Structure formats: structure tokens, C-alpha cells
Amino acid sequence: MTERTDPLWMSGNEAIALAAYEAGVKVASGYPGTPSTEILENLSRYEGVYTEWAPNEKVGLEVAIGASFAGVRALATMKHVGLNVAADPLFTASYTGVRGGLVVIVADDPEMHSSQNEQDSRNYAFAAKLPMLEPSDPAEAKELLKLAFAISEEYDTPVLFRITTRIAHVKGVITKGEMLSSSVTPGIEKMPAKFVMLPGNARARRVVVEERMRLLREMAENAPYNVVEMGDSRRGFITSSVSYLYVKAAFPEAKVLKLGMCWPLPEQMIRDFANSVDQLYVVEELDPFLELHIKAMGIACHGKDLIPNQGELNTAIVRKSIDPTSVAELFAPVALPMRPPNMCAGCPHRGIFYNLSRMKVFVSGDIGCYTLGFLPPLSAMDSCVCMGASVGIAHGMAKALGDDAKGKIVSVIGDSTFIHTGLSGLINTVYNGSSSLLIILDNRITAMTGQQNNPASGYSIKGEAANAIDLEALCRAVGVKHVDVVNPHDINACRKVLDKALECDEVSVVIARAPCVLIPEMKKAANIPYRTQVASCTGCMACVRLGCPAISWNPVSPEKAKSLGYKEKQKGFALINEVQCNGCGQCRALCKFDAIVRQEA
Amino acid sequence: MGAQGSILFSGVGGQGILLASEIMAYALLAAGYDAKKSEVHGMAQRGGSVTAQLRYGDKVYSPLIEPGRADIQVAFEMMEAVRYLPYLHKGSTVIVNTQKILPPAVATGQTSYPESVLDHITALGIKVVLVDAFDLAREVGEVRTANVVMVGAVSTFLPMDASVYEGIISARVPARFRDVNLQAFAAGRKVSQ
């Protein structure tokens, strides 16, 4: 046993935040997105680093580029789909290069634990002509991120840093490191040939980009994080990221080339490694990124012919793919009722989706907790594509169907998502004139990713007072004439406003405003739960159909029904769990038999 | 040392699985093991089925437990003890909180809770330890310590002394909840001793 006095036990995201601090990062910006969110959350707790939540990833990256131009080390963080939003500044920042070190962290989500697709962000490194580092665990993430800033400054390039869910949300043992700082002097430096990317300058920088990538390819051949681990050469593995760990666990005896930098690739090193093994396997999650580029070198290898290109890998998948004879016999799974995620007890979104589930409308949805409105029993969402898409999709459907769509198309978007990219959709809807209804679910917070403040919350990332966007005034300013604000918990009043808004010939906005039950103010507030007067329940199930996790249906036999004083044909009764109830009162509004009452305060 | 093992935590979002698995991880680190733990955050957390995977040994590579190789499963809810059956092997120990949390299809009356669900595990000869964690937590005076009751129940299956856990619990919960959590730990430990 080795003595360990005070091990730092950190998630990949916590380790990355510590590494950014130790690397001397001065400005960090980003937009929350699982699995990247905790990087900025943790970094915001360190002294001497400016952190912020940006309205979207594009702005976040632009802020980081600005900080780099000003000569300080800068960081932008996002999830994989966020890099699509930030792709525009990314591709040109590749041309401008940097002053202070600039690192863009992108967190991919193989298996789509909390995402709408599982794109492989390594393709951006190739497309944007940028180096990309890929750690395999939290400890390596911490070391590599510090190196990323040195590479950025030495090679005058933004550096992409790719993690996945199984790095971001894996905890491991970390050691503290030394504090580093940039050798760049902060200040205003006018460098138009480098920073003003109009065609004449950009053509000159295009040449610089190629030369930089040539130098990086040379560097990759001797980089300390591209390592050959000696072993049995009958099977040789080229791998990176968390896949490396699965290879080590499945084939501990084998020879391995572990790439800490997945772009550009060390061609000579790969060629020598390939020549040194009998069979070459490339093991990587998602796309055949390494495999394609290795095959393009004219090197034969196994890859996606054996390894799945969908979902996460794990040790068992890697072992079975390479050696099908190794299959272990497992206990068969047992069929059980599913337990999908659900909106919380007292969630304000539930009230809106209850109403929508009873209206004959197409619901164009968006990204957030409210996407759960898709699930039964409410089943009140008909499309969901990407952040902000709800508004544009509704407008497109309205234009395609003309009068047939009147009163039948509703888009639903959260406050944070509306600010992210929904606003430009609304401007388009007003400018080009369609009559769809937009519901903004304003719960004052970016909820799904764990309650981050946003430009409508009134607080900064550190919880300090900040401007809160006036959403009504904003909608009116872009030309919406019909703006209503409702309390989504008041189901019946809400329905009247929604019906009226749908009759409108012009675009209308309904802002459904009630705070998320998980924000600290709501948790601290006195909660007066509701309870069921079981004797009054007729078993009509009106409250059960809300799908609230605090309400359960309790079936009874005819004898039991009789003993409870019910009619013999009553099949059961509903019951509120008073510990779980958050006192929203939506169920009370639906009960026609006064069987739901508020607890005495 | 040479020992290594895998502990699978399963339950329902909001049951305190992350804190329980953190206490276990710190206890293993204090004993000198290397460890890695996988969690899933985000959408999966909203009342859905959740897991945490903890692996320990001299040197841990993969953060994920292989199917068929979980040595201990700590289930915070009865049905969730069975959902991950393919992860277990004949020599596994399953420590189950007997609490039932109704999934949506049961709560809305479309299907019923599988009452004898644990038979699926016992029929395979796998050792099952039942813990009335919710009741024990209520007895010590705070229902929210059910997760620490479970830590107490698991602790007897690992080599570390009770004092290791007690030190970690004392350091990691707010001072005003320290005593109740230590009592919860002791209550859980008694069940499996």
C-alpha cells in the first residue's frame, strides 16, 4: 500500500478547470452543455480568472479570441453541438492565429447520454486545420491542457481540446502542478495583416496555416504524449482518448501507440509502428477518423470493419470486436418497467405541456428540460432538432401550409435557448410574416445542465447581480405586437390565453413565467405541499395524467373500493406524496371533486 | 496488495447516489488504492434510472465496469437492483435498499410494480443483503441520510475500518448534519455485520 496523504479526487471537468488556472488562463467564456458545463462552473471559483456564461458558443469563442488578441491566455468551452454554432469564428481564428494562448475545449457525447446527436468533433480539427489534443482520463487531461497553451503560443494557433463524457464525468486521482504563465505581454497590439481577415490578408495567412501544420506534423513525431508502449507485437493497437483505456484493459499484453494529439498525425511514427506489429488495429469511438487518415498513408489496418462506429465503446466491446472467441456468458437482462427521466414535481413546464397535449396543434420543440414534454403521458412535442430551431421550423411549416396551418403551429422554447439562437428565428418570423405562436418557457435559469444563470436570470456565473433581459420588451422591440405573460401553474387561465393567441392573424408570443423548482431561492422558500383527501377521490385520473412524479395511482379491488366508501366500480385512487410535492397546484386546478387540498401552513 | 474490484451503484435520480459513491471512493483512496468513477449527469438525472460505477485496484485503466464483472452492487431502489443484472456474476453481492420508487408507467396506473423482483437475483444464487435504509434513516432522524445508511451496509464488504468512513463523512457533510450521518452510517453497518 502506498501512503497518499491528500489525493485530489476530481472529475475530468474539475481537473481541466484546475489545469486552466495553473496554466494562467485569464479569460474563459462558454455556454453550458452536458458534458462540458462543470469546466467553467469550477473555473469560476478560482481567483484571478475572469469567467462568464455567454449567450451562445459563437459569442463565447469570440470573447476568447478577443482575450487572446489582447495577449492573455484564453479558454472557450462547449459541447460538441456547440462547436457547430462556434464553427464560424473557429475556422477564421485558424487563420489569424493568436497572441495569448487560445484553447477551445469541446466535449463530445458518444452514446448521446444527454445530446441530440453524437457527432465526432475530431473532424473539425481536419476541416479547420487546427491541432487537436485528446486526453484519456482526468489526470492526463490536466497535463495535456497545460501543454495545449504552450503549443498555442509556440505555433501561433488556436488548439482544439477534445474530451468525451467518460473523461468529463469520470473521477480520478489528480496531482496539483506548478503555476505557469504566458510569455506574451498583454496590451493593444495592432496587427492588421494577422487580425483583419479580408481576402488579401487571408490569402497570405492561408499560406501561414499550411506552414504551421507542417511544423506541427514534425513536432508530433517527437511529442511526449504520442507514445509507443512496448508489448506483444502480434497485435498492435493505435488508439487515443478513452478508447486507449479500454484497449489497455482488454489487451494488457499488446503493443500500443497511444496518441495524445489526434491531429495532425505523426506519419513516420505510425508507419514504424505498423511495420513493427503483425496485425494493426485502430481502436476509436465514433468515426473512423484515425483509420481514414492512416489508410490514406497507404497503411493497411483493421478499424471500423470490427469496431462499432455508433455509441460508446467499453472494454468488453473492444475485446469482443477484436477476439470474438472471448465472449463471456452473462446473466440475461430482466424486462422491467422503464424509468425514463421526467420533469420534476412542481416543474412549471408541465402545466404548459398539459395544455398543449389537449390542443390540436403541432408542437415545434427545442433543447432543454422541456424536451421531456415529449414523453408520455403528456406526449406534447412533435419535433426537436437543435438549439433555437423551434422558431424557424414553426415559421417554415406555417409558410409551407399557408391557411391550413392557421392556429395549428406552436413553437416552445426555454428562456436560455431563446437567447442562445431562438431570437434570430423570431426576428425572421416577424420580418417575413407568419402567424405561428411562440411560447417562451421562462424559468429564469438554464435548467437541464444544472441551473446555470443566463442573460435573463439577473445573475452572473458567480451569482453576482447582472442585467436581466426584459423578454416582453425584447419581443415587442423586434416587432411582435401580441405578447402575453402567464403563470404556467394556473392551467385553466393559461389555456384561455393560449387559445386566444392561436386565433391571432399575426405572430404572437406567450411568456410562461415561473421559476425552476431547483433554483436555490425556490429550494429555500417555504413549501406548502398539497395532499389528497382520499375519501373524496373518484378515481377519475385527471391529476394522474399530469405525469407528476409526486402523484401515484393506487389500484383497488371492488371489495377494497367498498371498504373505502367508494363505488364498487371505482378502480383506484390517486395519492400525492407530500414529501415530493413542491406545491405548484397544477393538480388542484384539474381536480373537479375537491379531493386535493393544500396543507395547513 | 493485488486486490481489485468494481462497485456498481444504481438507483433513481435524486437519491444521493453521487455522495454515497464519493464516500466509498475516498475510503478506497485512503486505503491506498487507485480508483476511477464514472457518473452520468444532465438529462438522465431528472428522476430517471441512474448509475455510478466505481473501480479500484493497484492501477485502474477503464472507468467503466465490464458486464459480468461487478463485484458489489449497491441498489438504492428495489427494482433498480435488477435492471443491471448482466453486470453481475455468481460471486457478486447485491446490497438493496428495500424502498420502492414508482416509475411513471406504474405511477400512472398502466402497469404494476414487480413485487417479487428480487427473486430474479436470488434464483441465480447471488448473495442479496436487504437494507431498510429509508426506515433506518427515519429512525436516526433524517430521511435524507438513507444514502449514508447504504454506505454503512456496504462498508463491511470492504477491508477498510469504520473509522476511515467516519472520518470521511465528518469531513464531507455540513457540521450540523454530521452526527445524524454518522448515526446513519452506524445503522447501516449494523445491518450487514
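How many helices and strands are there in chain A?

## Model and chain A

Chain A holds 22 helices and 22 strands, where helices (H or I, at least four residues) and strands (E, at least two) are DSSP runs numbered from the N terminus. This is a predicted model, in which local features need pLDDT of at least 70 and side-chain atom pairs count only at pLDDT 80 or more, while totals for chains, interfaces and linings use all residues. Residues are numbered from 1 along each chain as its sequence is written, and chains are lettered from A and ligands numbered from 1 in the order in which they are written.

Along the principal axes, the C-alpha atoms of chain A fill a box of roughly 80 × 65 × 55 Å.

Of the 601 residues in chain A, 53% are buried (20 or more other C-beta atoms within 10 Å of the residue's own, with C-beta atoms placed from the backbone).

## The side of chain B that touches chain A

In chain B, 48 residues are in contact with 53 residues of chain A, contact meaning that C-beta atoms, placed from the backbone, lie within 7 Å. On this side of chain B, α1 (17–30), β2 (34–39) and α2 (104–107) each supply at least two residues, and β2(B) gives the most, with five residues.

## Strand pairing between the chains

β2(B) pairs in the antiparallel sense with strand β8 (residues 170–174) of chain A over two bridges, pairing requiring at least two bridges found by DSSP between the strands. Within β2(B), Ser38(B) is the bridge partner of Val170(A).

Definitions and conventions
Two residues are in contact if their C-beta atoms, placed from the backbone, lie within 7 Å. A residue is buried if 20 or more other C-beta atoms lie within 10 Å of its own, exposed if 12 or fewer, and partly exposed in between; C-beta atoms are placed from the backbone.
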